[in-house]
Amino acid sequence: MKHLTRFCLFLLTAALLSACAAPSKRAAQGTIDLSALSVRAPEPPAQDPQNQKQFTETTVRVLLAEKAKSAYIKHSGKVYIYTQNLDKKYKISTAGTLAVKTLGNGKIQIGTLQATQPIILEPASGTLLGWNNNSYSGKIYIIPAQNTFHLVEHAPLETYLYGVLPYEMSYSWPLEALKAQAVAARTYTLKTLEGVKNQNFDVYSDVRSQMYKGGGKQYDSVKKAVDQTRGQVLTYEDKLFFTYYHANCGGATDDVRSWNFGAKSIKPLSGASCKYDSHSKSYKWTMNIARGKVENYAKSVGLTGALKNIKIVRKTDTGRATNLTIKTAKGTKTVPCGRFRLATGIRSCKITKLDVRKKDVHFEGKGYGHGIGMCQDGANGMAKNGKNYRKILKNYYPGAEITTLQ
C-alpha cells in the first residue's frame, strides 16, 4: 500500500469538510456442520493488520439502508477505506465523519473516493462506525444501486446477536430469559441464511427479519446471554427450523399454520401451554380502531362501501381467530386474521370481543403478536420463577433439541 499514507491526510481533510455540511446435514451427535453456509463470494481480506485473521464464524450481512442517496457515517477512531477489488485503499487515523453520496449512473462517492463498485469501510480494532444513532463494529459495505446505494454491515454472527437481543427483549430481564432469546434468535438467523437469494444481504435490520441496531453498544446482560450460549441452536430431526417468537401469547401458543397457512407443521411449532405471561400488561387489552382504517383495509381486499359487520368465522382451540368475515354495503369477504391484524394494528388475533360501532370498531383480546413459538413474556415469567433457559425452550418448542454448532 505505497499510496495509502500519501492519500491519508488528503482523504481525512476532505472527509472532515464533508462532515460539516442454516444447515441440515448431520455431522456428529450434538453438532451441526455449517460449511454449507460458506458458499458465497469471498470477502476482501482485512486491511487492519490487527484483523488479518478472518472470522471463522458465520458472517451475517445486514441491510441497514436501502436505496439511500446520502449518508453520514461517523468513526470513533482509525478506519480503512477501500474498493472491493482493492485497487484503491486509504486509511484515516483519527475520529471523524464521512459523507457518502450517489453521483448517479451507478457511481458513489465517499470523501474524495469515487467508484462504481462497492466501497468498504473497515473499522480498526476498537473503532466503532456510527450511523442513524446506532453503532456498528463490523465492516460496512456501500453498494451502488443505479442512482442510489445500499448500506450493508458484515457482522460476525455472535456480534450480530449483541445488536438483536436488547431490541427484541428487554436487557433488564433475567439472564435465563435472555439466554433463551439468544438461542432462538441465533437459530432463526441461521435458518434464514439457508434460503438467502439476495446477492448483497442476508437479513433486514427491522421486523422483516429481527430488530437490529448494531453490535457496537453492548449490555453486560446481553453479552453474558450470547456468550454463555455461544454456538447453541435449536434443531428438530437434525435440522434447523424457524424459531418464531412474539411478545405475549395470552395463555397459550398455537400451531404455525394458524398464522401461516402454507407453513409446514412440526412438533416444535405445534403450540404450547403458557402459565407465566399473565403478569404482563399485554396479557389483556382493549383497542378502538377507527372505522376508516378498517374500511381502508376492506378496500385493499376488494370490498367497497360502508363497513357493516365483522365476524370471527374460525378459531383455534386456544381461542385465536384464524379467519374474519368483513361485510360492507357492497359485499362480503373472508380474510386471514393475521393480515387484518397487521393492517389495522390490533395486538393479536386472540379476540374476545368485537363490536362495530358508529365511529370505530371496539376490540378486546389477549396477547400481543402472532402467537407462534416462544412467548417472550412467558419466558420472562418462567425465568423469574427459577426455570433455566433449557426448560424455557423445551416448553415453547416441544420436541426440539439444543444442538451445538461445529
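Modeller: Arg 291 counts as buried, because its relative accessibility is 16%. The cut-offs are these: buried means under 20% relative accessible area, exposed means over 50%, and partly exposed lies in between, with a 1.4 Å probe and protein chains only. Keep in mind that this is a predicted model: local features need pLDDT of at least 70, side-chain atom pairs count only at pLDDT 80 or more, and totals for chains, interfaces and linings use all residues. Residues are numbered from 1 along each chain as its sequence is written, and side-chain values use heavy atoms, leaving out hydrogens and water.

Where is Arg 291? It lies in helix α6. Helices (H or I, at least four residues) and strands (E, at least two) are DSSP runs, numbered from the N terminus.

Now look at the whole helix. α6 covers residues 291-300, and its buried residues are Arg 291, Val 294, Tyr 297 and Ala 298. They sit on the same side of α6, because they cover an arc of only 125° around the axis. That arc is taken from the directions from the helix axis to the C-beta atoms. The face of α6 turned away from the buried side carries exposed residues: Asn 296, Lys 299 and Ser 300. Just after the helix comes Gly 302, with a positive phi of about 100°.

Helix α7 can be read in the same steps. Its residues run 337-344. Cys 337, Gly 338, Phe 340, Arg 341 and Thr 344 are buried there. They cover an arc of only 160° around the axis, which puts them on the same side of α7. Arg 339 and Leu 342 are exposed, on the face turned away from the buried side.

The largest cavity holds about 60 Å³. On a 1 Å grid over the protein atoms alone, a cavity is a set of points where a 1.4 Å probe fits but cannot get out; a pocket is an open set with protein on both sides within 12 Å along at least five of seven lines; lining residues have an atom within 4 Å of a point. Grid points are joined across faces, edges and corners, and a volume is the space filled by probe spheres set on the points. α7 gives the most to the cavity lining, with three residues. Among the lining residues are Cys 337, Gly 338, Arg 341 and His 370. The lining divides into four nonpolar, four polar and two charged residues. Here Ala, Val, Leu, Ile, Met, Phe, Trp, Tyr, Cys and Pro count as nonpolar, Asp, Glu, Lys and Arg as charged, and the others, Gly among them, as polar.

The second largest pocket holds about 580 Å³. It is lined by 20 residues, and the closest to its centre are Glu 168, Val 207, Ser 209, Tyr 245 and His 370. α7 supplies at least two lining residues, as do α3 (165-168) and β18 (245-246). Ten of the lining residues are nonpolar, seven polar and three charged.

Val 335 belongs to β22, which runs 331-336. Val 335 is buried, at 3% relative accessibility. Its C-alpha atom is 10.0 Å from that of Ile 312, which is 23 residues away along the chain.

Finally, step back to the whole chain. It has nine helices and 26 strands. Of its 406 residues, 53% are buried, and Arg 291 is buried at 16% relative accessibility.
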